[in-house]
Amino acid sequence: MTGTETLKATEPTGNTGATGTDENPVFSVRNLWKVFGPKAGRVPGSEHASLPPAELREATGCTAAVRDVSFDVRKGEVFVVMGLSGSGKSTLVRCLTRLIEPTSGTLAIDGEDVLAMDRARLRELRRHRAAMVFQHFGLLPHRTVLDNVAYGLEIQGLSKAERRAKATELVAKVGLAGLEDRRPSQLSGGQQQRVGLARALAVDPSVLLFDEPFSALDPLIRREMQDEVVRLHREEGRTMVFITHDLGEALRLGTRIALMRDGGIVQLGTPEEIVGSPADDYVREFVRDVPREQVLTVATAMRPALAGESEHGPAVRPDATVSEAIEAVSRSGDPVARVMDGGRLVGVVDRACLLDVVAGTSAPGGAPAPVPADVASGATEASDAPDAPDAPDGSSEVTL
Ligand SMILES: Nc1ncnc2c1ncn2[C@@H]1O[C@H](COP(=O)(O)OP(=O)(O)OP(=O)(O)O)[C@@H](O)[C@H]1O
Ligand SMILES: [Mg+2]
């Protein structure tokens with residue numbers, strides 16, 4: 001790191017906020033509920049709707065796996081859904097393509113009402129528009145890598161030669177060139193997940209949905225796969241909905257993060273907003289051990305320049321992390337770093353501002369107010385309603 005104007009944030013996807021607008025969201029979700037249990041449809045809007053999970057179960061025998069959730073997934077963003085085991089992540093994401101049927105609410109993809117789709121249209125949605133990548137890969141064991149990737153193209157009606165050409169290209173794109181003829185059992189976990197990813201990409205979906213895709217992988221491979229997601233986001237502008245219960249992964253990948261608890265979204269914001277302005281004690285506890293200087297940006301720590309401060313000191317970009325600014329200031333020996341946005345001085349950071357971030361002694365000035373949502377307390381448990389998704393891995397994993 002040189003402390004010059006080329007200084008960059010290490011994780012731009014995690015710090016730049018939303019890349020699109022809310023005008024044309026890929027998914028638009030309003031007041032969505034999924035209640036499991038007897039007479040589930042009666043729970044939303046009833047006097048029981050706001051009960052904590054244990055009391056709701058006591059009163060109605062039902063579990064509200066998704067509880068009055070509203071959000072948009074913007075074009076080109078990585079929308080991370082995170083929360084502890086049982087908080088409703090898988091149910092929420094499966095509701096998006098009606099692998100699980102929502103109990104109430106509205107849901108649109110690219111402006112089209114998903115709840116009004118007939119079976120054929122839904123099939124089309126799942127095959128071509130919103131491709132899912134599962135934790136257990138869901139590969140066809142008797143098919144080669146190439147054939148697994150080509151599978152979605154077969155359904156699309158492409159000729160054999162076209163399928164092979166496209167699949168070969170995708171296998172190379174995910175770093176598996178040379179392994180086209182292997183079967184899934186001859187691959188490592190990370191390689192199998194790359195095949196799963198290539199297969200999902202083959203249909204060029206408008207959104208990729210990931211349900212804890214990397215949690216079965218060892219840390220190094222997991223990191224490589226995260227890099228792959230970052231690359232797909234940066235280079236191809238892919239829209240992704242990514243479930244994880246791993247905070248580090250959420251902060252690293254998320255353009256925005258929806259933090260779930262007991263079926264509701266407790267806070268929805270950029271990593272910087274979640275870490276810098278937790279909406280409540282639950283979120284604060286969640287992010288307590290995050291190194292703030294690696295997530296918060298210079299833009300939130302800076303102050304106006306005083307007379308003479310615009311002349312000296314290393315230049316940093318507003319989206320550089322505080323940790324990078326600390327490095328720049330300590331290398332240069334100057335008392336302040338100048339925050340430059342496109343050649344314009346927008347503020348300075350001195351040692352005190354930077355240390356305040358590390359110590360957590362100042363609220364970041366630039367972060368917008370958090371978006372609180374309804375918060376219920378208590379723990380959720382399985383209830384009884386059968387609702388088998390027709391997904392390759394079928395079940396949700398208990399991980400925490
Ligand atoms: N088919 C079902 N019938 C009854 N309850 C269910 C069903 N599926 C999920 N639930 C309940 O809904 C809640 C949310 O489950 P979900 O699988 O969405 O959680 P999750 O956040 O994905 O958890 P994990 O991190 O363990 O995968 C849990 O209380 C769960 O027991
Ligand atoms: Mg799950």
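Strand β12 (residues 336–341) is joined to β13 by 6 bridges, and the two run antiparallel. One of these pairings sets Val336 against Asp350, its bridge partner in β13. This is a predicted model, in which local features need pLDDT of at least 70, side-chain atom pairs count only at pLDDT 80 or more, and totals for chains, interfaces and linings use all residues. Residues are numbered from 1 along each chain as its sequence is written, while chains are lettered from A and ligands numbered from 1 in the order in which they are written.

The sheet is open, with 3 strands in the order β11-β12-β13 and mixed pairing. Its edge strands, each pairing on one side only, are β11 (315–316) and β13 (344–350). Strands here are DSSP runs of E of at least two residues, and helices are runs of H or I of at least four, numbered from the N terminus; two strands pair if DSSP finds at least two bridges between them.

Glu309 lies in the loop between α13 (298–301) and β11. Setting aside neighbours within four places in sequence, Glu309 is in contact with Val336 and Val348, contact meaning C-beta atoms, placed from the backbone, within 7 Å. The C-alpha atoms of Glu309 and Ala337 are separated by 8.8 Å, although the two residues are 28 apart along the chain.

Ala325, with neighbours within four places again left aside, is in contact with Val298, Val316, Ala320, Ala337, Val349 and Leu354.

Technical notes
Two residues are in contact if their C-beta atoms, placed from the backbone, lie within 7 Å.
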